[in-house]
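Thank you all for coming; I would like to walk you through one structure this morning.

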Amino acid sequence: MSKNKSSESVKVVVRCRPLNRKEESNGPAGGIIQMDLRLGQVILRNPRAPPSEPQKTFTFDAVYDANSKQRDLYDESVRPLIDSVLAGFNGTIFAYGQTGTGKTYTMQGAWMDPEKRGVIPNAFDHIFTHISRSQSDKQYLVRASYLEIYREEVRDLLDPNHGNARALELRESPDTGVYVQDLTSCVCKSIKEIEEVMNVGNQARAVGATDMNEHSSRSHALFLITVECSQPGPDGRKHIRVGRLNLVDLAGSERQAKTGVQGERLKEAAKINLSLSALGNVISALADGRSSHVPYRDSKLTRLLQDSLGGNAKTVMVATLGPAPQHYDETLTTLRYANRAKNIQNQPKVNEDPKDALLREFQREIARLRAQLNHRKWRSQQKKEQVDGEGWERDGDEDTEGEEEVEKEAEEYVKQEEQRLEREKEAIRGDRSLLADEKQRLLGEKERMMGDLRKEQEATEQLTARYKAMESKLLVGGKNIIDHTNEQQKMLEMKRQEIAEQSRREREIQQQMMVQDDETLELRETFTSLQQEVEAKTKKLKKYLKLYAKLQCIKAEIQDVNDEHVRSRQELEQTQNELTRELKFKYLIIENFIPPEEKNKIMNRLTFDPEEDQWKFQPLVPAESKSLQMKKRPTSAVGYKRPISQYARVAIAMGAHSRYRAENIMFLELDMTPPNTASLDRSTEAESNQSPSLDSSPTKDRGVRKSRSWCQTPKSITSSSSNVSLAACHTATPAAAQ
Ligand code: ADP
Ligand code: MG
């Protein structure tokens, strides 16, 4: 599976937007951010601190100031990532920052203005241009999905019932990792189609929101593109590489105020930023490198981005900043966040021949339809041959014939057949030797044949349409999808890429030089004269001063981090207090108003479902398998109505004590004829039947119904005590009558 097992760190770039009109009018001139594009440094000035306090400096893979162009950011920082996705790697780009700092501008930009198109439209261009320029033996399948996470619920933005649809579940598979179950995925054949998908999703997002600004600042939007590419390998077999690209526009990173809210509102407020704070914890745990547990499972977002952070993916993080002094705290937090993310190591590898590649399924389906079409063609040719009476030789290159030819031939065959049937019908009508009935029958038969022919033609047409639709979904390399790709443009793009690559390398070298500068100072310590010694000592002093300044910076930073921790701890404590209060309230209700046995019943039925992060009731009715188990008879009861001991069984067989008859109640023979009826009968029959034998007495048969039970034997009846009493009754009655 893997081609490249080496690890690489998350690339972090920072972008600062220009001051907007409002900020320009009410703040002091200029922002609090300075950028060194050559070194990739951001220098942050604290507007509240005295001028003597050193400014904070952060170094990143690249920085983009207020004058930066969308295209520059794309070519330098995003293009290499998209190239990797096209080669079969997983890739993620996420924009992080306070609301209004340009996350959406960076990711989407202004679609209409080519200069202001963001990462996503540029990536669309890039992907489809790459496909159109690749070799013709490559086949591609591009799919797109769009979802958002709002209040810890995943919603499908491409689902037509977006508004009413229930939240989607996350699932995990050993092959693909974490995925969203039942997420809509659209096959896209061109830039236009994928743009359409994006528009549909954006509209769904806007429709669902009461206040779009608030909604977008509190929800995470994820646009997912899967590019599958099939190419014959050296072994002659087609190999498939699957690249997955996540384009993520995160929720605004500012803290949501939770002060004073209770109950549902508190939970809601806690949920809004849960994903973002979980993301922060994941980044901290990964950057730290020492913590063994990374809390991916704490939120939906971190579960979905699990591979992108510390896993199988190449990741670029764009941290966006605003230059206004009033947002100093947030800006500093963003820079810290971004600085930490730099230390995350990923292990990207090419996804080769994964089990779930859709392209493979498409190829199989296309081959199946093709075979069906060929079979139909062959059948129609055979029929034609029978009709024409001329020999038809199968040409060897039938598979390579175009579909148009197949279609044309099929159409021609149908036309000919129709004409032939018409002719035959005419002949039948004109034939005088036939009887009217016979004529009708023959004409009906011909009609039926024509109907069959049409049905067959329709089926072939449907098959061809399905085949064409399937095949059109696969993009073949070398076909020019985009018209504007002429040689000059290609050259221009290549040059642009080269320049971007050059400046990236230059920056890396500059950064390395800066680090080495301090070290080389010590090496130049051999001096010959006093003058030189003074110079050297001065340099050393300067170095110590520099180190001292650095120390001060770090001290200040520690102080800042401490303050930050105190702040978040206070916030957590506040949330905890609110939750404890609510818990106490609920306890009060439960303990005082719900009967204990009811409470216990409920408690016994509750189980926690970690997948859905919810308590659930177990069903009252046992599961299907359990009920089947219950129905099975115990072995001691087979053949009997209830379980029975061995001793009792033997006792029954022996006809011993009635106690061992499981059904002995039936032998009481309670259903007796009333004695007076018996005496009446006796009185009329007494003379004619002087000495009736007990066994042949009709009264006995009529008057007493004996139950035929499972253990009833003639022997046991005669020996039963109840029977004896009955016999006594019978014998006593005639005696009384006499
Ligand atoms: P976010 O998505 O982070 O909340 P937006 O992308 O909506 O922020 O940006 C807020 C405003 O700032 C928008 O009007 C946008 O056009 C403008 N803006 C952001 N970044 C830039 C930039 N680099 N250059 C020019 N305008 C920008
Ligand atoms: Mg936004």
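This is a predicted model: local features need pLDDT of at least 70, side-chain atom pairs count only at pLDDT 80 or more; totals for chains, interfaces and linings use all residues.

**The second largest pocket**

I will begin with the second largest pocket, which has a volume of about 1,100 Å³. Of the 46 residues that line this pocket, the closest to its centre are T176, V178, Y179, R244 and D356. The elements that give two or more residues to the lining are β7 (91–97), β8 (139–150), β11 (177–180), β13 (220–232), β14 (238–249) and α9 (300–304). The largest share, five residues, comes from β13. Sorted by class, the lining holds 18 nonpolar, 16 polar and 12 charged residues.

Residues are numbered from 1 along each chain as its sequence is written, chains are lettered from A and ligands numbered from 1 in the order in which they are written, and side-chain values use heavy atoms, with hydrogens and water left out.

On a 1 Å grid over the protein atoms alone, a pocket is an open set of points with protein on both sides within 12 Å along at least five of seven lines, whereas a cavity is a set of points where a 1.4 Å probe fits but cannot get out; lining residues have an atom within 4 Å of a point. Grid points are joined across faces, edges and corners, and the volume is the space filled by probe spheres set on the points. In the class count, Ala, Val, Leu, Ile, Met, Phe, Trp, Tyr, Cys and Pro are nonpolar, Asp, Glu, Lys and Arg are charged, and the others, Gly among them, are polar.

**The protein as a whole**

The protein has 22 helices and 19 strands, these being DSSP runs numbered from the N terminus (helices H or I, at least four residues; strands E, at least two). Buried residues, meaning those under 20% relative accessible area with a 1.4 Å probe and protein chains only (exposed is over 50%, partly exposed in between), make up 37% of the 738 residues. If we take contact to mean heavy atoms within 4.5 Å, residues 24 or more positions apart account for 71% of the contacts with a separation of 6 or more.

**Strand β7**

Strands count as paired if DSSP finds at least two bridges between them. Five bridges join β7 to β14, and these two strands run parallel, with T92 standing opposite N246 in β14. Another seven bridges join β7 to β15 (residues 314–321), again in parallel, and here I93 stands opposite V316.

**Loops and a hairpin**

Where does Q306 sit? Q306 lies in the loop between α9 and β15, and it counts as partly exposed at 26% relative accessibility. Not counting residues up to four places away in sequence, Q306 touches V178, Y296 and G311; V178, you will recall, is among the residues closest to the centre of the pocket.

Two other loop residues have a positive phi without being glycine. E152, with phi near 60°, is in the loop between β8 and β9 (153–156) and is buried, with a relative accessible area of 11%. D353, with a positive phi of about 45°, is in the loop between β16 (345–346) and α11 (358–388), and counts as partly exposed at 27%.

Finally, strands β18 (residues 606–609) and β19 (residues 614–617) run antiparallel and are joined by four bridges, with F608 opposite W615. The two form a hairpin with four residues between them, and D613 in the turn has a positive phi of about 60°.
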